[in-house]
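Please keep the sequence and the model in view while reading.

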Amino acid sequence: MSPTALMTAQDYRARVADGFQHRARSTDFQQWRAQTASTGGCTHPIRLSGSWAIQDTATGSALASRTGHVTVPCGNRRESVCPSCSDRYAADAFHLLRAGLSGETKGVPASVADKPRLFLTLTAPSFGPVHNRRAPGGKAIPCRCGDYHHPDDPRIGQPLEPGSYDYTGHVLWQAHAGQLWHRFTTNLKRHLATAAGLPQRQFADHARLSFAKVAEFQRRGVIHFHAVIRLDGPDGASDPTPRWATPEVLTEAIRIAHANTAITSPEVNGRSWELAFGEQIDIRPIRPANANQVEDEHGVITDDRLASYVAKYATKGTGKSEAVDRRIRTQADIDRLTVTDHHRRIIQTAWDLVAPVPCPDCHPEGFHTTDGCGCQHAQYCHTCGNGGEVTRTTRLHRLHPDQADKPDPLDALKLRHWAHMLAFRGHFLTKSQHYSVPFRHIRDDRRRYRHEETLTELGVTDDTITVINDWSLVSVGHRTQEERELAAAIAQRQRDARKHRLANERKD
């Protein structure tokens with residue numbers, strides 16, 4: 001390193017150190033630190049201004065009050081955006097999943113642990129060969145390209161032949177992945193009814209399919225689904241499962257439903273795609289909740305750690321090499337992305353598939369040309385406002401007035417809206433109504449605990465007080481880079497302290 005470069009690096013470190021020292025010496029640092037610690041070290045806190053008070057309902061006197069600024073967590077589930085809030089989301093996801101697996105918590109009975117339960121993985125199909133690292137039996141074998149890839153090799157997941165990779169099919173499959181899951185569960189219920197000898201319309205009177213599903217991005221930029229599936233009685237977790245409902249019956253029904261679930265995509269340039277899950281499917285039974293591993297030597301899933309194993313995908317960011325954390329607004333946003341060529345191509349394909357089309361009134365033969373263009377004969381076009389371009393839906397309604405109440409099939413996928421997610425439009429964690437409690441219940445429990453803690457300190461009850469809140473938004477995020485880094489350090493310190501405390505509790 002040259003002396004000039006060394007001096008520059010030293011100057012940079014000195015400026016960083018000065019920034020931290022200046023913030024630590026400021027008069028409001030202790031107050032800022034306390035507020036940041038109360039949010040768990042959130043890196044994008046929401047700053048509010050206003051007042052809060054607890055009043056005695058009978059006398060109107062204030063028993064406790066606060067006026068000024070407060071900060072609350074942003075609540076973002078992505079670890080790449082906010083590690084602190086992602087950590088809290090993962091904890092909530094763990095409790096949600098664990099309650100549905102083992103019961104004895106959150107109002108779910110312990111009997112769910114004895115019901116037919118399976119851990120299912122549904123994969124995406126192939127849209128072209130990609131670089132991968134295979135190690136069957138623990139012994140690595142070469143990729144199709146002939147190389148042995150390191151686990152961190154950036155080529156993993158990239159197409160071997162980008163020119164022949166089916167990017168349009170990839171994007172369309174991603175956009176329909178959630179719909180495929182919905183159709184899969186519908187088919188699964190039908191095949192379960194057939195296996196039980198029941199008319200399909202009577203299945204809900206005898207059994208209920210409960211599940212919790214998490215989506216995981218693969219290195220090649222497609223979604224896999226991991227799901228815990230449980231068979232209940234018709235009233236849910238507390239209702240005994242019918243005798244005919246066994247893990248073997250559920251497994252066979254899943255295989256049949258998987259093989260018969262498909263969706264036809266909207267047409268693109270006169271071609272449509274038959275969309276289905278990949279041929280690879282993993283179905284494993286879950287044994288009762290008394291083990292300490294995710295998988296035993298027989299390949300059977302255990303649920304003592306399964307909730308953690310599945311919950312991590314709910315907060316797993318897609319990573320800089322796969323997608324971005326915020327929505328894309330313009331082509332310039334795509335041009336500035338620091339992603340691989342493969343993932344940029346996926347995003348670009350999603351963006352281009354719903355690009356504006358020529359106005360059918362003033363540009364019936366295509367986009368504007370200098371000779372023979374329809375816009376030359378019109379002073380003003382009411383369809384496009386002389387812009388020459390319209391959405392696919394506008395064009396559909398103009399050419400087919402009888403379909404004026406329907407969006408264009410491609411526009412309905414909102415591909416530009418979800419381009420930053422590589423066209424995946426679903427939620428990363430979903431569950432059926434009766435699998436366990438909703439996130440709202442877990443968060444309400446946390447708020448109720450804090451509320452009751454405050455009332456206990458004041459020596460009052462809910463029946464005798466009135467809570468008044470009056471807050472308005474001031475800003476979002478920390479003011480300086482130094483504050484963001486200090487908040488991240490606070491979050492890491494709290495996380496390490498929690499892990500240490502839990503480790504000691506296990507030893508006891």
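Is the crossing of H3 and H10 left-handed or right-handed? It is right-handed. The model is predicted, and every value below is computed from it.

**The H3 and H10 pair**

Two packed helices are described by the angle between their axes and the distance between the axes. The axes of H3 and H10 come within 10 Å and cross at roughly 115 degrees. H3 and H10 are therefore roughly perpendicular to each other. On the H3 side, the contact uses Arg88, Tyr89, Asp92, Ala93, His95 and Leu96. On the H10 side, Phe439, Ile442, Arg443 and Arg446 take part. Sorted by class, the contact of H3 with H10 has five nonpolar, one polar and four charged residues.

**H10 in its surroundings**

H10 covers residues 439-458, 20 residues in total. From first C-alpha to last, H10 reaches 29 Å, close to the 28 Å expected at 1.5 Å a residue. Phe439, Ile442 and Leu455 of H10 are buried. Phe439 and Ile442 also belong to the contact with H3. Just after H10 comes Gly459, with a positive phi of about 75 degrees.

Gly75 sits in the loop between strand E2 (62-72) and H3. Gly75 counts as exposed because its relative accessibility is 53%. Tyr89, one of the H3 residues in the contact with H10, is 14 residues from Gly75 in sequence. In space, Gly75 and Tyr89 are 7.7 Å apart, C-alpha to C-alpha.

**The H4 and H5 pair**

The crossing of H4 past H5 is right-handed. H4 contributes Phe184, Asn187, Leu188, His191, Leu192 and Ala195. They meet Val249, Leu250, Ala253, Ile254, Ile256, Ala257 and His258 in H5. By class, the contact of H4 with H5 divides into 10 nonpolar, three polar and no charged residues.

The two pairs are set out here.

| Pair | Angle | Axes | Contact classes |
|---|---|---|---|
| H3 and H10 | roughly 115 degrees | within 10 Å | five nonpolar, one polar, four charged |

Lys106 is not a glycine, yet its phi is positive, near 55 degrees. Lys106 lies in the loop between H3 and strand E3 (117-122). At 27% relative accessibility, Lys106 counts as partly exposed.

Leu422, also not a glycine, has a positive phi of about 55 degrees. The loop that holds Leu422 runs between helix H9 (392-399) and E11. Is Leu422 buried or exposed? Leu422 is buried, because its relative accessible area is 0%, and the cut-off for buried is under 20%.

**The chain as a whole**

The chain has 11 helices and 12 strands. Of its 508 residues, 40% count as buried. Take the contacts between residues at least 6 apart in sequence: 68% of them join residues at least 24 apart.

Methods
Residues are numbered from 1 along each chain as its sequence is written. This is a predicted model: local features need pLDDT of at least 70, side-chain atom pairs count only at pLDDT 80 or more; totals for chains, interfaces and linings use all residues. Side-chain values use heavy atoms; hydrogens and water are left out. Helices (H or I, at least four residues) and strands (E, at least two) are DSSP runs, numbered from the N terminus. The expected span of a helix is 1.5 Å times one less than its number of residues. Buried means under 20% relative accessible area, exposed over 50%, partly exposed in between (1.4 Å probe, protein chains only). Axes are lines fitted to C-alpha atoms, for helices over the stretch in contact, and angles run from 0 to 180 degrees between N-to-C directions. Angles under 35 degrees count as roughly parallel, over 145 as roughly antiparallel, 65 to 115 as roughly perpendicular and the rest as oblique. A crossing is left-handed if the near helix is turned anticlockwise from the far one by less than a right angle, and right-handed if clockwise. Contact means heavy atoms within 4.5 Å. Ala, Val, Leu, Ile, Met, Phe, Trp, Tyr, Cys and Pro count as nonpolar, Asp, Glu, Lys and Arg as charged, and the others, Gly among them, as polar.
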